[in-house]
Amino acid sequence: MINLETTYMGLQLKNPLIVSSSGLTNSVRKIKIIEEKGAGAVVLKSLFEEQIRNEAKNLIGKDPSNTSYPEAEDYIQTYIKGNSVSNYLTLIKEAKKAVSIPVIASINCVSSSDWTSFAKEIEKAGADAIELNVFIVPNDRNMSSAQYENLYYDIFNAVKKEVNIPISMKIGIYFTNLFSVANRLNADGADALVLFNRFYEPDIDIEKMKITSAEVLSSASDIRKSLRWVGMLSDKIKGIDISASTGIHNGEAAIKQLLAGAKTVQICSTVYEHGFDQITNILEDLTNWMTKKGFKTIDEFRGSLNYGSIQDPGLYERAQFMKYFSNNEKDVLI
């Protein structure tokens, strides 16, 4: 009998497959389908700090008199925040009543301001954990990389003070020393790292000559961005769970991340492309592979190909295509 059970941030999951924060997880109806199709947990669509701020700013700007009265401006900001958070708390409460799998709240944040106090309300609403989805664009040439990294720690610690439930940090790849950042978050008490965030990326429409949005969905090749770091961090940083995200489009990709040491794998784009049945398909692929290889549990093979488990750890460190290009130079026509 194949047993897919695992733990993540101290939570018991029936399997390591999580549907990540997105429009797929913004309603109880969809969350129930996700559970029916077999997912081990769900991360709710993010509560966006920037969106709340922009809504308040736009509403204030519609009436010039609002800026003349500080009380009116404060009222509008408080109302927008309260309304957005209230709707989110309702989603958490209703989801918890509707499903038995862990429900992880998500906050997309760019600062450690007083809004983090809402994390306490999220805990009270019944969320099993919180995923902090953080990306700060380093656009100030007078700030050092260390100063930018401190913003991430400030955000985590501000939320950590408010709640007792587990907290994961969903971060991007753009750090000078990802090991140092992971080690600091681990020391500060983060329960998990989600590798990696998928950000909005700009593109340019050369016909209309305007800035547009690049492709939103990931591709299967994007797994390369996270596989290296999952394999290295799962060995180097002890005491913190690693959840692999981005580019996991099928069962093979999920298996690769587990072999690299991931505690869980998060999927999104592949469900958008193939429907909720893709959850079941990936779990079937995982089960069939484990049966073929003679594994009864995830723990029997998890991390067996991470940085510390292979003969040549340098395979994870190699950054250049030396062998590939040296073997193929003769095929290049000049």
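1. A polar contact is a pair of N or O atoms within 3.5 Å; within protein, one of the two must be able to donate a hydrogen and the other to accept it. In this predicted model, the side chains of H249 and S218 form such a contact, at 2.9 Å.

2. H249 sits in the loop that runs between strand 12 (241–245) and helix 8 (251–260). Buried means under 20% relative accessible area, so H249, at 10% relative accessibility, counts as buried. Setting aside residues up to four places away in sequence, H249 touches S218, S219, A220, S269, T270, E273, Q278 and I282.

3. Two packed helices are described by the angle between their axes and the distance between the axes. Here the axes of helix 8 and helix 10 (residues 277–293) come within 8 Å and cross at roughly 60°, which makes helix 8 oblique to helix 10. The crossing is right-handed.

4. In soluble globular proteins, nonpolar side chains tend to be buried together. The largest nonpolar core in this model has 84 residues, and L132 and I279 have the most contacts inside it. Apart from this core lies another, of eleven residues, including L11, A41, A129 and V194.

5. Which residues is L132 in contact with, leaving aside its neighbours within four places in sequence? They are I107, C109, I155, F156, V159, I167, S168, M169 and K170.

Note on methods: Residues are numbered from 1 along each chain as its sequence is written. This is a predicted model: local features need pLDDT of at least 70, side-chain atom pairs count only at pLDDT 80 or more; totals for chains, interfaces and linings use all residues. Side-chain values use heavy atoms; hydrogens and water are left out. Helices (H or I, at least four residues) and strands (E, at least two) are DSSP runs, numbered from the N terminus. Buried means under 20% relative accessible area, exposed over 50%, partly exposed in between (1.4 Å probe, protein chains only). Contact means heavy atoms within 4.5 Å. A nonpolar core is a set of buried Ala, Val, Leu, Ile, Met, Phe, Trp, Tyr and Cys residues joined through side-chain atoms within 4.5 Å. Axes are lines fitted to C-alpha atoms, for helices over the stretch in contact, and angles run from 0 to 180 degrees between N-to-C directions. Angles under 35 degrees count as roughly parallel, over 145 as roughly antiparallel, 65 to 115 as roughly perpendicular and the rest as oblique. A crossing is left-handed if the near helix is turned anticlockwise from the far one by less than a right angle, and right-handed if clockwise.
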